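Please consult the sequence and structure shown here alongside the text.

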Amino acid sequence: MADQLKIKPATGKLGVLTPGMGAVATTFIAGVVAIRKGLRLPIGSLSQMGHIRLGKRTDDRQPLVRNFVPIADLDSIAFGGWDIFEDDVYTAAKTAGVLENELLDQIKDELEQIKPMPAVFDQQYVKKLSGTHVKSGTKMELAEQLMQDMENFKTANGCDRLVVVWCGSTEIYMKESPVHADLASFEQGLRDDHADIPPSMIYAYAAIKQGIPYANGAPNLSGDVPALAELAKETGAPTCGKDFKTGQTLMKTILAPGFKARYLGLSGWFSTNILGNRDGEVLDDPESFKTKEVSKLSVLDTILQPELYPDLYGELYHKVRINYYPPRGDNKEGWDNIDIFGWCGRPMQIKVDFLCRDSILAAPLVLDLALFLDLSKRAGLPGGIQEWLSFYFKSPVTPPGLVAEHDLFIQQVKLKNTLRWMMGEEVITHLGREYYDD
Ligand SMILES: NC(=O)c1ccc[n+]([C@@H]2O[C@H](COP(=O)([O-])OP(=O)(O)OC[C@H]3O[C@@H](n4cnc5c(N)ncnc54)[C@H](O)[C@@H]3O)[C@@H](O)[C@H]2O)c1
């Protein structure tokens, strides 16, 4: 057995701050509050519901993950965040319409106490939104105000540690540019109000600068630029992203590895969605949709490896559509038409119609990411990208030069083996015991 890492205990309170307090963030907060009161179960959360096998199969050691690794207890979490709307979490959760009113009413008093701080926002980057609950100043001044907000929140709530998880809207599509290349250029860009620094990057900078772990649940670049990777290394802030793996893409990363494992070919995969929440409205803008499209399209190539399997996947036609359709609210419908082919090239079709509740799938990911990033920080893992958390993302960020792993099952093995390794347990390779010495 390897040595266990020296992990600082999760004493005191953990503040979880979300830039963006819309459907996902409020479903996460209300859910945790309901779970704490014993009103609901944390379904969909690996950290809360999952067991992890340790040692030999015959050892029969399968503790719950939350009893195995020293993650923070749900009772120790304090919630906060920022939004361009002033609604408290109870009101915003009601507007989002994800959880039932009956449940929200039972926890109303607690949710009403949680109010967003004024946001760093610029409509140039999210065309479909406008709000007045916003800060003003140069981009550097805005970053400083965010850092002050974090410090104030920590003091006011008696927190020992903070984690920031971006749950804000998807910003317009942006590519890396010279201002992102290194920290000095980036900080100069903040002072100069450089147009290539959108609000999500200012939040990422403010958190990482203080060594606070930062996760990005949207497909925006946000923390995923060399300047912020450099900063994270310096300050020891663990980071991860991008874009929560939920809904249709979750299904894709479940199904595609299965086809690949059985060497079934794919000629086409057409995915379309209707959804009617605010996220859907934001994505109705072509510039925000482009950011999402790139994230959604990337998953199949790395799972299927068409360069290795040109006969099976070389001609795949992959198309993704998102249609804003208000009557559905958060209850998205995602259709997939999958054209596959088998033995001797004979074609077959699979139709998937997923009547999905996006934020119900995303909320447990916010929880797990907050708890695991906090664990990573206390375990002293190197700052910067935490590839072992790729399990949770549509576009997992990787260190430069590496190809992202999209296969959900490989991602799961990586996550669990990282937890085993942290705790000084053997990693599990699934190689038969008869082939090597214990
Ligand atoms: N729901 C899912 O399953 C899912 C999956 C993957 C990614 N995402 C992403 O997560 C994000 C949140 O999704 P949602 O369904 O909660 O959307 P939402 O529209 O309900 O909530 C987003 C909130 O962010 C706020 N906001 C926008 N810009 C902000 C800023 N600069 N600072 C502070 N607040 C800001 C908006 O006012 C809004 O209240 C979106 O980017 C979405 O694309 C969601």
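## Terms and basis

Two residues are in contact if their C-beta atoms, placed from the backbone, lie within 7 Å. Helices (H or I, at least four residues) and strands (E, at least two) are DSSP runs, numbered from the N terminus. The model is predicted: local features need pLDDT of at least 70, side-chain atom pairs count only at pLDDT 80 or more, and totals for chains, interfaces and linings use all residues. Residues are numbered from 1 along each chain as its sequence is written.

## Helix α10

Helix α10 comprises residues 226-235, and A227, L228, A229, L231 and A232 within this helix are buried; a residue is buried if 20 or more other C-beta atoms lie within 10 Å of its own, exposed if 12 or fewer, and partly exposed in between, with C-beta atoms placed from the backbone. These buried residues of α10 pack against α8 (183-191), α9, β6 and β11. Just after α10, G236 adopts a positive phi of about 80 degrees.

Two strands count as paired if DSSP finds at least two bridges between them. Strand β6 (residues 238-240) pairs with β11 in the parallel sense over 2 bridges, and P238 has G384 of β11 as its bridge partner.

## The four-stranded sheet

An open sheet of 4 strands has the order β8-β7-β9-β10 and mixed pairing. Strands β8 (317-324) and β10 (347-357) stand at its edges, each with a single partner strand, so one side of each lacks a neighbour in the sheet. From one strand to the next, the twist averages 10 degrees. Strand β7 (residues 265-275) pairs with β8 in the parallel sense over 8 bridges; the bridge partner of G268 is Y317 in β8.

Helix α11 (residues 247-261) lies across β7, β9 (331-341) and β10, at about 20 degrees to β9. Helix α15 (residues 358-379) lies across β9 and β10, at about 75 degrees to β10.

Strand β9 includes E333. This residue, E333, is partly exposed, with 17 other C-beta atoms within 10 Å. Not counting residues up to four places away in sequence, E333 touches N273, I274, R328, D353 and L355.

## The ligand shell

Of the 37 residues around the ligand, G20, G22, A218, R278 and D358 come nearest; a residue is near a molecule if its C-beta atom, placed from the backbone, lies within 6 Å of it. The elements giving two or more residues to this shell are α1 (23-36), β2 (77-83), α12 (278-283) and α15. Helix α15 gives the most, with 4 residues.

Domain 1 (13-244 + 360-422) and domain 2 (248-356) both give residues to the shell, so the ligand lies between them; the domain bounds come from an automatic or database domain assignment.

Key:
Axes are lines fitted to C-alpha atoms, for helices over the stretch in contact, and angles run from 0 to 180 degrees between N-to-C directions.
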